[in-house]
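Notebook open, viewer open. I'm jotting down what I look up as I go.

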Amino acid sequence: MKSKESTKDISRSGLSEGELIACHECDLLHSVKHAPGGGKALCTRCGAALYQNIPNSLERALALNLAAFMLFFMANLFPFISLKTSGRIEENLFLSGALAFYRQGMGELGLLVFLTTFLFPLLIIAGMLYILLPLRFGHRPWRMAQIFRLVRAMMPWNLVAVFMLGVLISIVKLIDLASVIPGISLYSFVGLMILSAAAHANMDHSLIWPPIKLDQTENGSGLTAAERNLIGCHTCALLVPETRLNDHGHGDCPRCGSPLHSRKPNSLTRTRAMIFSASLLFIPANVYPVMTVIQFGRGDPNTILSGAVHLIEGGMWALAMIILFASIVVPVLKLVVLSFILITVKKKSSGRARERTLLFRVTEGVGAWSMVDIYVVAILVGLVNFGTLSTIQPGIGATFFGAVVVITMFAAHSFDPRLIWDNIGRPK
Ligand SMILES: [Zn+2]
Ligand SMILES: [Zn+2]
């Protein structure tokens, strides 16, 4: 592999054999070996995915993103779900849920739904196309690193899959209220969800960065990047010697220009503050109603728990379990697990680091599914508007609950799992 940057080589660069990379979860250095087509290399110490060899990755990711882009427009131009009740048919566009929140004076929830199911998914697809299209033809797009960093930051907030679960639950809840007619948009959304996931899975991120050689003379396998005085770039994964940082420990990556940090700055303090606020907000989130069903002029306010109890009374056990698991069990477990990991890091404990890293990985992954109840409320509020017959109004509990989910997601993102490993001697 040539060390000089040449625009023609960009689409075929990626990782070269023998190159050192640092695990992003435990900081251990590994030297890159040839992975067979489709093969995935895992960290020998913590089990995190290191790199993957995906044949024709750029072409695949480009095709999938293009298809997802088209489906996105179909999903937003055609009717989403129509409701038929006593001879009236009400057609709804996908965005009516977000709009309904806004009209009911709960703009903050409307914004949350709009960002996580419309704007971020759209910007992720558009951003990837902006990067992949020129790369496919051998050109590097303007400000690629900044765009890529933005796309990466938005990825955890693309919650189309969670939203689809919310749609399923809402349809079941609506069945005895009206007949539900799924629209083209709903099917497009299912396709969009699958295509976005496939586009993400088929993207080998190392391919978009040109190869670059910094002095890496000795082999550092078995040591961590920090022990070798190296810093892994969060954006392009390049290992940069600490000598390139200024006296305050700041510096930019020579390949992509991103700011370099050995560990996420103030990780423990920020995570702790967010765990604390989320725990406080969890109380009003469960005390106040998340929505009120008004039927024939009579209101029936529901908290998260009483909503689940209603479902059980109606014989919908499976649904009640999903709601209870996503809205109560997941947030509570997330807060408990993060606090536990913070305490062990603070106490410099060295036991079971691999298990603690796995626990963190799972916690970070499942957190977004708590949003499902917010989506159910959004969909029901947006759809059910039969005048005097029945309407559904959102409750203030939903706002508190939305805040809990968002803050716990931020808490997990601000924690740096490499801190778990910093107190541990390197493997023999
Ligand atoms: Zn690792
Ligand atoms: Zn970089």
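Predicted model: local features only at pLDDT ≥ 70, side-chain atom pairs only at ≥ 80, totals over all residues.

**Entry 1: zinc, ligand 2.** I went to the zinc ion (ligand 2) and listed its donors: the SG atoms of Cys-233, Cys-236, Cys-253 and Cys-256, at 2.2 to 2.3 Å. What is the arrangement of the four donor atoms? I make it tetrahedral, because the angles they subtend run from 103 to 114 degrees. For reference, I noted that the ideal angle for four tetrahedral donors is 109.5 degrees. Reading along the sequence, I get the donor spacing C-x2-C-x16-C-x2-C. Cys-236 and Cys-253 link distant parts of the chain, 17 residues apart. I find Cys-236 in the loop between β8 (230–232) and β9 (239–241), and Cys-253 in the loop between β9 and α7 (267–287). Cys-236 and Cys-253 are buried.

**Entry 2: zinc, ligand 1.** Next I took the zinc ion (ligand 1). Here the protein donors are Cys-23, Cys-26, Cys-43 and Cys-46, each through SG, and they lie 2.2 to 2.4 Å from the ion. I checked the angles among the four donor atoms of ligand 1 and got 102 to 113 degrees, a tetrahedral site. The spacing along the chain for ligand 1 reads C-x2-C-x16-C-x2-C. Cys-26 sits in the loop between β1 (20–22) and β2 (29–31), while Cys-43 is in the loop between β3 (40–42) and β4 (49–52). That pair is 17 residues apart and links distant parts of the chain. I have both Cys-26 and Cys-43 down as buried.

**Entry 3: Asp-27.** I stayed in the loop between β1 and β2, where Asp-27 is found. Its phi is positive, near 75 degrees, and Asp-27 is not a glycine. Is Asp-27 buried or exposed? I call Asp-27 buried, because its relative accessibility is 3% and the cut-off is under 20%.

**Entry 4: Arg-418.** This one is in helix α13 (residues 418–421). Arg-418 comes out at 4% relative accessibility, so I count it as buried. What does Arg-418 touch, leaving aside neighbours within four places in sequence? I wrote down Cys-23, His-24, Glu-25, Cys-26 and Asp-27, then His-234, and then Ser-262, Arg-263 and Lys-264.

**Entry 5: α5 against α6.** I looked at how helix α5 (residues 160–174) packs with helix α6 (residues 184–201): the angle is about 145 degrees and the axes are 9 Å apart. The crossing is left-handed. From α5 I listed Val-160, Ala-161, Met-164, Val-167 and Ile-171 in the contact, and from α6 Leu-186, Phe-189, Val-190 and Met-193. By class I have nine nonpolar residues there, with no polar and no charged ones.

**Entry 6: α2.** In helix α2 (residues 96–103) I find Ser-96, Gly-97, Ala-98, Ala-100 and Phe-101 buried. What do they pack against? I get β6 (88–92), α3 (107–136), α11 (372–383) and β12 (390–394). After α2 comes Gly-105, with a positive phi near 80 degrees.

**Entry 7: Arg-143.** Last stop was the loop between α3 and α4 (144–154), where Arg-143 has its place. I noted a positive phi of about 55 degrees for Arg-143, although it is not a glycine. With a relative accessible area of 44%, Arg-143 goes down as partly exposed.

Key
Residues numbered from 1 in each chain as written. Chains lettered and ligands numbered in written order. Heavy atoms only, no water. Helix = DSSP H or I, 4+ residues; strand = E, 2+ residues; numbered from the N terminus. Buried < 20%, exposed > 50% of the residue type's maximum accessible area, 1.4 Å probe, protein only. Contact = heavy atoms within 4.5 Å. Donors = N, O, S within 2.8 Å, 3.2 Å for Na, K, Ca; no water. Tetrahedral: all angles 85-135°; square planar, octahedral: opposite > 155°, others 65-115°. Axes fitted to C-alpha atoms, helices over the stretch in contact; angles between N-to-C directions. Left-handed = near helix turned anticlockwise from the far one by under 90°. Nonpolar A, V, L, I, M, F, W, Y, C, P; charged D, E, K, R; others polar.
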